[in-house]
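Please open the model in a viewer and follow the selections below in order.

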Amino acid sequence: MEKLMQRIFQIDGEETDCWLGHDGSRFVLNTPTGAVACQLDPTGLPGGYKLRAKGVVRELRLAVGPEATFLHMDGRTYEVGRVDPAERLAGSDGGASDDRLVAPMPGVVVSVAVKPGDAVEEGQPLLVIESMKLETTLTAPRDGVVAEMPFAEGDSFGLKDILAQLAPEEE
């Protein structure tokens with residue numbers, strides 16, 4: 001009997017509903033476009049895995065934090081956030097939290113590309129961080145103006161520290 005866990009994943013800021021199941025021997029990822037059987041095997045490297053899905057094998061590295069998982073594959077790093085559907089249905093404060101980039105795990109700032117007062121476009125790089133030996137570029141979640149960049153290059157930060165904040169949108 002397959003057990004299902006419904007999750008909402010945010011991949012590079014875009015949400016998708018998924019149901020992850022396990023049939024006793026493999027995982028099955030159920031998406032709105034169909035089911036995909038997959039297998040994830042450790043490679044022996046820290047955070048290293050081989051993903052087997054649809055007859056394709058890919059090497060990847062994972063760094064798992066309490067709010068998101070960082071996936072490094074094919075030369076790119078993806079931030080995969082997890083949203084609990086029960087919390088979403090219970091109603092969380094929307095708007096303001098979308099203006100903050102919060103540290104998914106402790107790390108260090110590698111570089112900062114903007115300063116308070118700068119106008120930014122959605123997807124524009126704001127800063128690069130390193131956590132668990134993986135570099136990740138954090139980008140603007142929307143068009144706006146940078147309100148706060150509390151950390152400089154070389155600064156260490158903790159879990160859930162605010163790394164960047166946009167000014168509230170004017171109505």
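Begin by selecting strand S11 (residues 119–120) together with strand S14 (residues 144–148): the two pair in the antiparallel sense over two bridges. Strands here are DSSP runs (E, at least two residues), numbered from the N terminus, and two strands pair if DSSP finds at least two bridges between them. The model is predicted, so local features need pLDDT of at least 70 and side-chain atom pairs count only at pLDDT 80 or more, while totals for chains, interfaces and linings use all residues. Residues are numbered from 1 along each chain as its sequence is written, and side-chain values use heavy atoms, with hydrogens and water left out.

Next, centre on valine 120, which stands opposite glycine 144 in S14.

Now display the open sheet formed by four strands in the order S13-S12-S10-S15, with antiparallel pairing. S13 and strand S15 (156–157) stand at the edges with a single partner strand each, so one side of each has no neighbour in the sheet. Within this sheet, select strand S10 (residues 107–112) and strand S12 (residues 125–131), which pair in the antiparallel sense over four bridges. Serine 111 has valine 128 in S12 as its bridge partner.

Finally, move to threonine 136 in strand S13 (residues 134–139). Is threonine 136 buried or exposed? Threonine 136 counts as buried because its relative accessibility is 6%; buried means under 20% relative accessible area (1.4 Å probe, protein chains only). Leaving aside neighbours within four places in sequence, threonine 136 is in contact (heavy atoms within 4.5 Å) with Phe70, Thr77, Leu127, Val128 and Ile129.

Notes
Buried means under 20% relative accessible area, exposed over 50%, partly exposed in between (1.4 Å probe, protein chains only).
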